[in-house]
Amino acid sequence: NPVLDFLYVESTMNKSTLQIFDLNGKLLINQTIENQLSTIDVSNLINGIYILRISNGKFINTTRINVE
């Protein structure tokens, strides 16, 4: 599903780092998430595909997101 202005992240990892990269590997958003359900403002990103990475020092989850 495409993301519009806000990305809603549900994670089983508490105290995690959320990072969003463009396809060139440039870090665009770096945010600590404290809760299992977080809202990330992506309204400043231009339309396109990005890499979302959530990590807690022990586990890393990486996926692509489509911002429209």
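Visitor: Which strands each supply at least two residues of the lining of the largest pocket?

Guide: The model is predicted. The lining includes L7, Y8, V9 and E10, and strand 1 spans residues 6-10.

Visitor: Which strand gives the largest share of the lining of the largest pocket?

Guide: The largest share is four residues, and they come from strand 1.

Visitor: How many residues of the lining of the largest pocket are charged?

Guide: The space in this pocket is about 180 Å³. Six lining residues are nonpolar and five are polar. The charged count is one.

Visitor: Is Y50 buried or exposed?

Guide: Y50 lies in strand 5. Its relative accessible area is 6%. The cut-off is under 20%, so Y50 is buried.

Visitor: Which backbone oxygen lies 2.7 Å from a polar atom of the side chain of Y50?

Guide: Beyond its neighbours within four places in sequence, Y50 is in contact with residues including I20, F21, L28 and V67. The oxygen at 2.7 Å from the Y50 side chain belongs to I46.

Visitor: How many Å separate the C-alpha atoms of Y50 and D5?

Guide: Along the chain, Y50 and D5 are 45 residues apart.

Visitor: How many bridges join strand 2 to strand 3?

Guide: Strand 2 holds residues 16-21 and strand 3 holds 27-33. The two run antiparallel. S16 stands opposite I33. The bridges number six.

Visitor: Which residue in the hairpin of strand 2 and strand 3 takes a positive phi near 90°?

Guide: Five residues sit between the two strands of this hairpin. The one with the positive phi is G25.

Visitor: With which side chain does the side chain of Q19 make a polar contact?

Guide: Q19 sits in strand 2. Its relative accessible area is 13%, so Q19 counts as buried. Leaving aside neighbours within four places, Q19 is in contact with L27, I29, N30, I51, L52 and R53. The polar contact, at 3.4 Å, is with the side chain of N30.

How values were computed:
Residues numbered from 1 in each chain as written. Predicted model: local features only at pLDDT ≥ 70, side-chain atom pairs only at ≥ 80, totals over all residues. Heavy atoms only, no water. 1 Å grid on protein atoms, 1.4 Å probe; cavity = no way out; pocket = protein on both sides within 12 Å on 5 of 7 lines; lining within 4 Å. Points joined across faces, edges and corners; volume = space filled by probe spheres on them. Nonpolar A, V, L, I, M, F, W, Y, C, P; charged D, E, K, R; others polar. Buried < 20%, exposed > 50% of the residue type's maximum accessible area, 1.4 Å probe, protein only. Contact = heavy atoms within 4.5 Å. Polar contact = N/O pair within 3.5 Å; in protein donor to acceptor, adjacent residues only side chain to side chain. Pairing = 2+ DSSP bridges.
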